[in-house]
Amino acid sequence: FGIALRQLREEKGLTQEKLAELVDVDRTYIYRLETGKRSPSIRIIFRIAAGLKITPGALLDRVK
């Protein structure tokens, strides 16, 4: 999940800080997700997808 999240975030031209602001989480949480130190809940997956302006399915498809 972390690798896909980082790639999508960078493709969208967002910093960890900006994505965290859009998702309403701390920047360190985005960092921990991207480095695999945390696993996202389904709720966070939906919020991240909204912040990236994609569907949760599209986000999860990138994880495969």
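The side chain of Q16 makes a polar contact with the side chain of R27 at 3.1 Å, a polar contact being a pair of N or O atoms within 3.5 Å, where within protein one atom must be able to donate a hydrogen and the other to accept it, and where residues adjacent in sequence count only if both atoms are side-chain atoms. A further polar contact, at 2.8 Å, links the side chains of Q16 and E34. The model is predicted, with local features requiring pLDDT of at least 70 and side-chain atom pairs counting only at pLDDT 80 or more, while totals for chains, interfaces and linings use all residues. Residues are numbered from 1 along each chain as its sequence is written, and side-chain values use heavy atoms, with hydrogens and water left out.

Q16 lies in helix α2; helices (H or I, at least four residues) and strands (E, at least two) are DSSP runs numbered from the N terminus. With a relative accessibility of 16%, Q16 counts as buried, where buried means under 20% relative accessible area, exposed over 50% and partly exposed in between (1.4 Å probe, protein chains only). Apart from neighbours within four places in sequence, Q16 is in contact with R9, R27, I30, Y31 and E34, contact meaning heavy atoms within 4.5 Å. The C-alpha atoms of Q16 and I54, which are 38 residues apart along the chain, are separated by 17 Å.

Helix α3 spans residues 27–34, and its buried residues are Y29, I30, L33 and E34. Viewed down the axis of α3, these buried residues fall within an arc of 135°, so they line one face of the helix; the arc is that of the directions from the helix axis to the C-beta atoms. The buried residues of α3 pack against α1 (2–11), α2 (16–23) and α4 (42–52). G36 follows α3 and has a positive phi, near 80°.

The protein chain has five helices and zero strands. Its radius of gyration is 10 Å, close to the 11 Å that the globule rule gives for 64 residues, so the chain is as compact as a globular protein of that length. The radius is taken over C-alpha atoms, and the globule rule is 2.2 Å times the number of residues to the power 0.38. Buried residues make up 33% of the 64 residues. Of the contacts between residues at least 6 apart in sequence, 48% join residues at least 24 apart.

Five salt bridges are counted, a salt bridge being a side-chain nitrogen of Lys or Arg within 4 Å of a carboxyl oxygen of Asp or Glu. One of them joins E10 and R6, with the closest N and O atoms 3.1 Å apart. E10 and R6 are four residues apart in helix α1 and therefore separated by about one helical turn. E10 is partly exposed at 44% relative accessible area, and R6 is partly exposed at 46%.

In helix α2, K18 and E21 are three residues apart, which also corresponds to about one helical turn. The closest N and O atoms of the K18 and E21 salt bridge are 3.2 Å apart. K18 is partly exposed at 36% relative accessibility, whereas E21 is exposed at 54%. The side chains of D61 and K64 also meet in a salt bridge (3.6 Å, N to O). Here D61 is partly exposed, at 47%, and K64 is exposed, at 81%.
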